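Work through the exercises below with the sequence and the 3D view side by side, and try each task before you read its solution.

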Amino acid sequence: MSAVQGSLGAAIRGALLTGDAKGKVFATRKLVRDWRQGRLSADCPKDSWPEMPPRPAWPEALVVSTPGQMPKRSKGTSEKGRIALWHALAHIEFVAIDLALDIVGRFAAQMVADLGADAAREFIDDFLSVAADEAMHFALLDRKLATLGSYYTALPAHDGLWQAAEDTAHDAAARLAIVPMVLEARGLDVTPATLNRVRAQGDENGAKILQRILDDEIRHVGFGAKHFERISTVKGLESAILWQNLVKTHFSGRLKGPFNDSARSAAGLPRDFYLGIAS
């Protein structure tokens, strides 16, 4: 194994502050590779862990709006509608890179203190693998946009995903409850219909991209559920009740069906978690 050369926290902070989209992808891939090869260390006291930025850097050309200001996306087959679909998906995956990096950079030291070094190491491994997946997803979608004669930042995008990160920046359990276990779980519900629609349009390449994303997102939700369960156990709380309380406190939207129960179950998210508070 290579000698440790740097700080994982500093590398994550650097990637978060990389605004260029391709640069963020490359920085993420490099830090994940360096971590896996032992060239980065997370062994530092909680009070000396680098502070994560309140917001990540995004491309200067990207026009960011609130979710309510965004035009309703067309489900049609026009070229404009297809570009809007793939651009929206690219933005989701781009922000997901930052979400995965931030959860490690912001909460790894807390996980060491609360759960111990071994569980914290697994937490880091899991969510850095998520960051690598999201970087790959974005690269696939960026390439897809190029085949349509477009590019990421060509259209406005909304800030809703990062608003969820800001609202849960104080607590690992809240972040796990909202980001992987609500927002990413919602992707499990809606992606199959989008995939079928894309395939019905004869876009097999697009369908394969969406299938890859769906398969990976099941694992990502599973990581959230696993580590949330561990935190609940340490706190001595029933995980479903804790999750429901955190969702009621920190999620401003509605949990609404139809739910992809099979995918959610495969991810370790039981029906009794969400059906009790779904509207």
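A residue is called buried if its relative accessible area is under 20%, exposed if over 50%, and partly exposed in between, with a 1.4 Å probe and protein chains only. This is a predicted model, in which local features need pLDDT of at least 70 and side-chain atom pairs count only at pLDDT 80 or more, while totals for chains, interfaces and linings use all residues. Residues are numbered from 1 along each chain as its sequence is written, and side-chain values use heavy atoms, with hydrogens and water left out.

**Exercise 1.** Determine whether F94 and F138 are buried or exposed, and describe how their rings are paired.

Solution. Begin with accessibility: F94 and F138 are both buried, and for F138 the relative accessible area is 2%. Next, recall that rings of Phe, Tyr and Trp (its six-membered ring) pair if their centres lie within 6.5 Å, and that planes under 30 degrees apart count as stacked, over 60 as edge-to-face and the rest as tilted. The structure holds 7 aromatic pairs. In one of them, F94 and F138 are 5.4 Å apart from centre to centre with 55 degrees between the planes, and this pair is tilted. Helices here are DSSP runs of H or I with at least four residues, and strands are runs of E with at least two, numbered from the N terminus.

**Exercise 2.** Which cluster do F94, F138 and Y152 form?

Solution. Take the pair of F138 and Y152, which is edge-to-face, at 5.2 Å centre to centre and 80 degrees between the planes. F138 is in helix α4 and Y152 in the loop between α4 and β4 (157–158), 14 residues apart. Y152 counts as buried, since its relative accessibility is 6%. Together, F94, F138 and Y152 make up one aromatic cluster.

**Exercise 3.** Compare the span of helix α6 with its expected span, and locate the kink in α6.

Solution. The expected span is 1.5 Å times one less than the number of residues. Helix α6 (residues 172–200) has 29 residues and reaches 40 Å from its first C-alpha to its last, close to the 42 Å expected. The bend at a residue is the angle between axes fitted to the seven residues ending there and the seven starting there, and α6 has a kink of about 40 degrees at V190, shortly before the proline P192. Just after α6, G202 takes a positive phi of about 85 degrees.
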